[in-house]
Amino acid sequence: MTLTASVHRRKADDRPAAGPGLSHVATAGPRTDSRSARTRDADGLAVASFVLGLVGLLVMNILLGPAAIVMAVLALVRSTSRRGRALLGLALGAADLVVLAFLVTGNGVVAWNFGG
């Protein structure tokens, strides 16, 4: 007794027929939903502003502070789903500029000085 199976390979122009119950099946391919891409980009900006603001407290606050502020504002304007993280990035960017102001008025230079 021998079992044989018929193999049918689909051509590029063959499309599966949508039967009852199969109309909800998603087709393979990239999503072109601009709303989700825009939200994803805004979420990335929110996270980046938070990270830049946090790192800016320690190094290069003259560059990272304003960058964190700009990214946070852009994320908020694009209506990010990570609103809290964008607000934290905004606050940390402002704190970077405050730290910079204290460094300039205290030492007269834009540099950290850990020694006595």
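The model is predicted. The protein contains three helices and zero strands. Along the sequence, the pattern reads α-α-α. Of the 116 residues, 19% are buried. The accessible surface amounts to about 8,900 Å². Carbon and sulfur atoms supply 64% of that surface. Contacts were also grouped by sequence separation. Among contacts with a separation of 6 or more, 64% link residues 24 or more positions apart.

Helix α2 spans residues 61–77, and helix α3 spans residues 83–107. The two pack at an angle of about 155°. Their axes lie 8 Å apart. Angles over 145 degrees count as roughly antiparallel, so α2 is roughly antiparallel to α3. The crossing of the two helices is left-handed. By class, the contact of α2 with α3 has 17 nonpolar, four polar and two charged residues. From α2, the residues involved include Ile62, Leu64, Ile69, Val73 and Leu76. From α3, they include Arg83, Leu87, Leu90, Asp96 and Leu103.

Asn61 belongs to α2 and takes part in the contact with α3. Its relative accessibility is 5%. Buried means under 20%, so Asn61 counts as buried. Neighbours within four places in sequence were set aside when its contacts were listed. The remaining partners of Asn61 are Gly56, Pro66, Asp96, Leu97, Val99, Leu100 and Leu103. Among them, Asp96, Leu97, Val99, Leu100 and Leu103 are α3 residues that meet α2. Pro66 lies in α2.

How values were computed
Residues numbered from 1 in each chain as written. Predicted model: local features only at pLDDT ≥ 70, side-chain atom pairs only at ≥ 80, totals over all residues. Heavy atoms only, no water. Helix = DSSP H or I, 4+ residues; strand = E, 2+ residues; numbered from the N terminus. Buried < 20%, exposed > 50% of the residue type's maximum accessible area, 1.4 Å probe, protein only. Contact = heavy atoms within 4.5 Å. Areas by Shrake-Rupley, 256 points an atom, 1.4 Å probe, with all protein chains shown as cover. Axes fitted to C-alpha atoms, helices over the stretch in contact; angles between N-to-C directions. Parallel < 35°, antiparallel > 145°, perpendicular 65-115°, else oblique. Left-handed = near helix turned anticlockwise from the far one by under 90°. Nonpolar A, V, L, I, M, F, W, Y, C, P; charged D, E, K, R; others polar.
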